Amino acid sequence: MPTSPAPATSVSPTPAVYASIATLQRRMDKGTLTASELAKKFIARIASMDQSGPQVNAVLEVNPDALEIARHRDEQRAQGNAHGPLLGIPVLLKDNIDTGDRMMTTAGSLALVGPPASSDATVVRKLRAAGMVILGKTNLSEWANFRSTHSTSGWSGRGGLTHNPYVLNRSACGSSSGSGAAVAAGFVTVALGTETDGSVICPSAANGIVGIKPTVGLVSRAGIVPISNSQDTPGPMARTVADAARLLTAMAGSDPADPATAEADAHATDYTRFLDPQGLRGKRIGVVRELAGYDPATDRVLDQAVAAMRAAGAIVIDPVKLPHVNDFGKAENTVLLYEFKHNINAYLSHRTGLKVHNLADLIAFNKAHANKEMQWFGQELFLEAEKKGPLTDKDYLAARAKAHRLAGPEGIDAALAAHHLDALVAPAQGPAWVNDLVDGDHDSGAGYSAAAVSGYPSITVPAGFVHGLPVGMVFFAGKWSEPALISIAYGFEQHTHARRRPHFLPKVMASPLAKSDATKDAATPARDH
């Protein structure tokens, strides 16, 4: 007797708060969703899960104009006088990015609480021009984690502590902690972070999302609270490589207000052209084992990633030596101290209506408000930076030349050339550590610093889990290599589908130590469409 066919398995549509940009555009084009409805969904979710419920505490401020902007985007779509892949898509901005609206820009510090910036940062103007809805500002490690060597990532005097939505007592990392946690938790479709050394890659990896740290000079820094003109850059943070590529496309380009971007127009492009599901095939990728080895479970995720890359057609050279990987840290610190003093003084000189006008004022403010600003850690980096001289000092010039040379030409470039590689890969970092405001961060290792110090691009992609905590792989290569890295990252993502939605657990649950739990949690969809 013939058997009846098994009933088809129904797949529930992805909720709008977790849907990709492409899916949201299809729904809005069909009229089953509007930008206004989408913005309202996110605002309601922030109220119920960020400010209440599990209290992720990722969002500092919801834009009071968000719904009006969304309504205008709906009108533009209906009238057919605007189009583009980002029309009506909400974005959250790290609170060190100026917006010339009713929201403040504070870098998390109470010292900057007051009048908003007078104009948008260049990158914000670009996102508005692309039709995005500026949904609000996210919390961050105060001053982008450049105030103390003893700080806790994700804490700011203005916003308190951001929590990791996978396990709430774990770090969301920093300094773009709020942006990473918000994207992972479904509080926004995409977000902007900024990086000096790890501040896009670390929170992206810790929160199980994709983060792109572009080549320094591809995206303007004008209107962003600075640390370093050598290393600072904004970067997109998203749940998928495709969404990150769409956001980077809108962000990239030259800006007369930022001389570092003089070559950007020659390299900026539509990065979605490089979203090749077979992007790993034939690529030569070197595994930097020197940037692993600090955690056996993370090493197992790396081994699984290597196997997946080989299965997808990559030629993996394992291991590859990255020269000088431990030799540029002291020079980098010197550079950052000099540049921070110079850059923050320049930035504050253009912010009107504030009571602080330079680094010395910030130091004095923190002393006067130590009960709120320095209850957990001090400001020794501020104090060291204030002692530094101008950027013409020979010590600064020597340190900058040394750091870039060892990380870039004699580091990443040398490793790529020695093995004819398209990219290098390492664990972005281990699983997120327990938040500890008393003793500060407990991170044990990371793979992103060489790309940060050299000013070269890097991209982290979810690769697996350790005890329910995300672990990402970071791919990096030479200057202006975003197209190759996006192709590789997309191929890796499409062959692994490692990302899972967070469960907002109060603490880590036990899982077997014999293998990574990269494929656990089958009840949660592997992909959001």
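This dialogue walks through how to read one predicted model.

Trainee: Which residues and atoms count in a predicted model?
Mentor: Residues are numbered from 1 along each chain as its sequence is written, and side-chain values use heavy atoms, with hydrogens and water left out. Since the model is predicted, local features need pLDDT of at least 70 and side-chain atom pairs count only at pLDDT 80 or more, while totals for chains, interfaces and linings use all residues.

Trainee: What pLDDT does the chain average?
Mentor: pLDDT is the predictor's confidence in each residue, from 0 to 100. Here the chain averages 95, and 95% of the residues score at least 70. Residues 1–9 fall below 50, and beyond near neighbours in sequence that stretch has 0 contacts in the model. A contact means heavy atoms within 4.5 Å. Residues 513–526 are also below 50, but that stretch has 34 contacts beyond near neighbours in sequence.

Trainee: How many disulfides does a search of the whole structure find?
Mentor: A disulfide is a covalent bond between the sulfur atoms of two cysteines. The test applied is a pair of cysteine sulfur atoms within 2.5 Å. The search finds 1 disulfide. It joins Cys-173 to Cys-202, with S to S at 1.5 Å. The angle about the S-S bond is 85 degrees, and the link of Cys-173 and Cys-202 is right-handed.

Trainee: Which parts does the pair tie together?
Mentor: Helices (H or I, at least four residues) and strands (E, at least two) are DSSP runs, numbered from the N terminus. Cys-173 lies in the loop between strand S5 (160–161) and helix H6 (177–185), and Cys-202 lies in helix H7 (residues 201–206), so the pair ties together parts 29 residues apart in sequence. C-alpha to C-alpha, Cys-202 and Cys-173 are 6.0 Å apart in space.

Trainee: Is Cys-202 buried or exposed?
Mentor: Buried means under 20% relative accessible area, exposed over 50%, and partly exposed in between (1.4 Å probe, protein chains only). Cys-202 has a relative accessible area of 2%, so it counts as buried. Cys-173 is also buried, at 2% relative accessibility. Leaving out residues up to four places away in sequence, Cys-202 touches Cys-173, Gly-174, Gln-429, Trp-433 and Tyr-448.

Trainee: What stands out in the backbone at Cys-173?
Mentor: Phi of Cys-173 is near 60 degrees, a positive value in a residue other than glycine. Asn-57 also has a positive phi, near 65 degrees. Asn-57 sits in the loop between helix H2 (35–50) and strand S1 (59–62).

Trainee: Where are cis peptide bonds found?
Mentor: One runs from Gly-174 to Ser-175, with omega near 10 degrees. Ser-175 is in the loop between S5 and H6. Another joins Asp-318 and Pro-319, with omega about 5 degrees. Pro-319 lies in the loop between strand S10 (315–317) and H11.

Trainee: How many residues has the largest nonpolar core?
Mentor: A nonpolar core is a set of buried Ala, Val, Leu, Ile, Met, Phe, Trp, Tyr and Cys residues joined through side-chain atoms within 4.5 Å. The largest has 139 residues. Those with the most contacts inside it are Met-309, Leu-322, Leu-424, Met-473 and Phe-475. Not counting residues up to four places away in sequence, Met-473 touches residues including Val-301, Ala-305, Ile-459 and Phe-492. A second, separate core of 23 residues includes Phe-340, Leu-348, Leu-362 and Leu-381.

Trainee: What is the volume of the largest pocket?
Mentor: Rolling a probe the size of a water molecule over the atoms shows where empty space is left. On a 1 Å grid over the protein atoms alone, a cavity is a set of points where a 1.4 Å probe fits but cannot get out; a pocket is an open set with protein on both sides within 12 Å along at least five of seven lines; lining residues have an atom within 4 Å of a point. Grid points are joined across faces, edges and corners, and a volume is the space filled by probe spheres set on the points. The largest pocket has a volume of about 890 Å³.

Trainee: Which residues lie nearest the centre of the largest pocket?
Mentor: Of its 35 lining residues, Asn-145, Asp-197, Glu-332, Asn-333 and Leu-336 lie nearest the centre. The largest share of the lining, 6 residues, comes from H11.

Trainee: How many cavities does the structure hold?
Mentor: It holds 4 cavities of 30 Å³ or more. The largest cavity has a volume of about 90 Å³. Strands S6 (190–195) and S8 (233–238) each supply at least two residues of its lining.
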